[in-house]
Amino acid sequence: MMKIVAWVIQALLWGVLCLAPLLLLLALGAALCLGLLAQAYWGWVMAGAGAMGLLLGAWLAERVRHGHGLVSFYGKLMSNRELDGRGA
């Protein structure tokens, strides 16, 4: 049972790691469309931003997988001084 829970948690962490760049680029694409472009290009810009976000997410996941490992990567993120409240 614990192996199933560990697998689910690890799958969720990998998903979050891959989706973060995707959501960031989709938000930037939406802001670009609302601010600068006409509504006719909305679909193309969002599709391009989504494709670039997926590629960036896959690259980030592979870099983490080959470099630190998932648990070590999140451990380094969460032991940040600003997040722990130990310093500014």
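## The salt bridge

At 47% relative accessibility, R65 counts as partly exposed. (Buried means under 20% relative accessible area, exposed over 50%, and partly exposed in between, with a 1.4 Å probe and protein chains only.) This is a predicted model, where local features need pLDDT of at least 70 and side-chain atom pairs pLDDT 80 or more, while totals for chains, interfaces and linings use all residues. Residues are numbered from 1 along each chain as its sequence is written, and side-chain values use heavy atoms, without hydrogens and water.

R65 pairs with E62 in a salt bridge, and their closest N and O atoms are 2.9 Å apart. (A salt bridge is a side-chain nitrogen of Lys or Arg within 4 Å of a carboxyl oxygen of Asp or Glu.) Side chains of opposite charge can pair when their charged atoms come close. E62 is partly exposed too, at 36% relative accessibility. Both residues sit in helix α2, three residues apart, which is about one turn of the helix. How many salt bridges does a search of the whole structure find? The search finds one.

The C-alpha atoms of E62 and C18 are 9.7 Å apart, although 44 residues separate them along the chain.

## Overall fold

The protein chain has four helices and zero strands. From the N terminus on, the order is α-α-α-α. (Helices are DSSP runs of H or I with at least four residues, strands are runs of E with at least two, and both are numbered from the N terminus.)

Of the 88 residues in the chain, 22% are buried. The accessible surface comes to about 6700 Å², and carbon and sulfur atoms hold 74% of that surface. (Areas come from the Shrake-Rupley method with a 1.4 Å probe.) Take the contacts between residues at least 6 apart in sequence: 57% of them join residues at least 24 apart. (Contact means heavy atoms within 4.5 Å.)

Which residues of α3 are buried? In this helix, residues 70-78, L70, F73 and Y74 are buried. They span an arc of only 90° around the axis, so they lie on the same side of α3. (The arc is taken from the directions from the helix axis to the C-beta atoms.) Their cover includes α1 (2-35) and α2 (42-67).

L70, F73 and Y74 also belong to the largest nonpolar core, with L17, A61 and V64; the core has six residues. (A nonpolar core joins buried Ala, Val, Leu, Ile, Met, Phe, Trp, Tyr and Cys residues through side-chain atoms within 4.5 Å.) The elements giving two or more residues to this core are α2 and α3. Helix α3 gives the most, with three. L17 touches L60, A61, V64, L70, F73 and Y74, leaving aside its neighbours within four places in sequence.

## A nonpolar surface patch

M1, I4, V5, W7, V8, I9 and L12 make a nonpolar surface patch of about 780 Å². I4 is found in helix α1.

Methods. Patches are made of residues with over 30% relative accessible area and no salt bridge: like charges are joined within 9 Å, nonpolar side chains (Val, Leu, Ile, Met, Phe, Trp, Tyr) within 5 Å.
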